[in-house]
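Please read the following alongside the sequence and the 3D view.

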Amino acid sequence: MRVLKTSKDIDEALKLLRDEQIIALPTETVYGLAGRADSQRAIEKIYQIKNRPAINPLISHYASIDEIAKDVELNDLARKLLEEFSPGPLTLVLARKKDSRISELACAGLKTAAVRIPNHELTLEILQELKLPLVAPSANPSGRLSPVSAENVAKMFEAKLDYIFDGGHCTVGLESTVVEVLDEQVSILRYGAITVENILELVNEVKIPEREETIKSPGMLLKHYSPTCPIRLSIEDPKEDEALLAFGDTSNIDLSQFTQVRNLSKRANLEEAASNLFKMIHELEEMNIKGIAVMEIPSLGIGKAINDRLKRAASTENTNKI
Ligand code: TXA
Ligand code: MG
């Protein structure tokens, strides 16, 4: 595995990507396994490295709204959302154009495609120079927790992956919000840092899926983000060798009951908690603890996305891992 690190390595990354190779690239949300969106060969490699079922489509990443408009039908509403939140952690699912550069393989047979403009200097520079979209699913084996550092990626793939571009720790720390924008209707497919409240400042109505079965995004299937040790969403009666993932004030808790303690945000700040969530779970996973108990986190703003990921990580339901 070769780790690229400085902006001097951008030329090498560009050459590899043009050559249909796969590189783990940093974004503001999580690291992604990037390859040319127009290359069937690159996309096949990504599915194989991730062991991802072919029914789960990929997000294409762009440097600008003009580039996005070449590949998908950009209705007024979609343009408005992109203008407001891009570059940033918002992915739009839109109708795919007939002559779209995004390979059909990346869309898993759907007539729609997911697009976003990541807010990471290095990856944006690569996208600008390349003048092509890059597909990039989160850089984790299917069913595992998304990586938020180059070290997380390296640990999970080892020899299965040839190149990582180390762009530091992801600032947002949770996958992007995914919304479908079809026929002037905005529907949430995955919660993220761009909140329902943020979107409601621009549109009158946002559809929120009530039941899992009605959800069109495979990322919304239950039990998607699983760590290797069990997670419990309650800190009552700690079990043996359990770690505590705290939030806010812990002065009323007997911390000695836990083998490890991490605090997502001592000052109870939800953005800080989101940015620490996967990072701390990855850290605890590596310590061979028997489980993680998590303190309650308010379901406000980005707290909704935090609780969504935690609920999935804690789920013991025996659904297929996607
Ligand atoms: O923050 C992110 O979005 C990261 C970074 C690397 O950009 N990427 C990411 O990709 O999380 P992935 O593949 O792990 O998740 C993409 C989600 C999946 O839940 C997938 O089902 C959904 O987007 N998706 C992609 N295309 C879709 C489509 N046409 N219709 C509905 N859902 C789609
Ligand atoms: Mg993923």
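Helix 8 crosses helix 9 in a left-handed sense, meaning that the near helix is turned anticlockwise from the far one by less than a right angle, whereas clockwise would be right-handed. The model is predicted: local features need pLDDT of at least 70, side-chain atom pairs count only at pLDDT 80 or more, and totals for chains, interfaces and linings use all residues. Residues are numbered from 1 along each chain as its sequence is written, and side-chain values use heavy atoms, without hydrogens and water.

Two packed helices are described by the angle between their axes and the distance between the axes. On the helix 8 side, Leu270, Ala273, Ala274, Leu277 and Phe278 meet Gly303, Ile306, Arg309 and Leu310 of helix 9, where contact means heavy atoms within 4.5 Å. By class, this contact has 7 nonpolar, 1 polar and 1 charged residues; Arg counts as charged and Gly as polar.

Next comes the strand. Strand 5 pairs with strand 9 (residues 177–182) in the parallel sense over 4 bridges; pairing requires at least two DSSP bridges between the strands. Here Val93 stands opposite Glu180 of strand 9. Strand 5 also pairs with strand 6 (residues 112–116), in the antiparallel sense over 4 bridges, and Ala95 has Thr112 in strand 6 as its bridge partner.

Notes: Chains lettered and ligands numbered in written order. Helix = DSSP H or I, 4+ residues; strand = E, 2+ residues; numbered from the N terminus.
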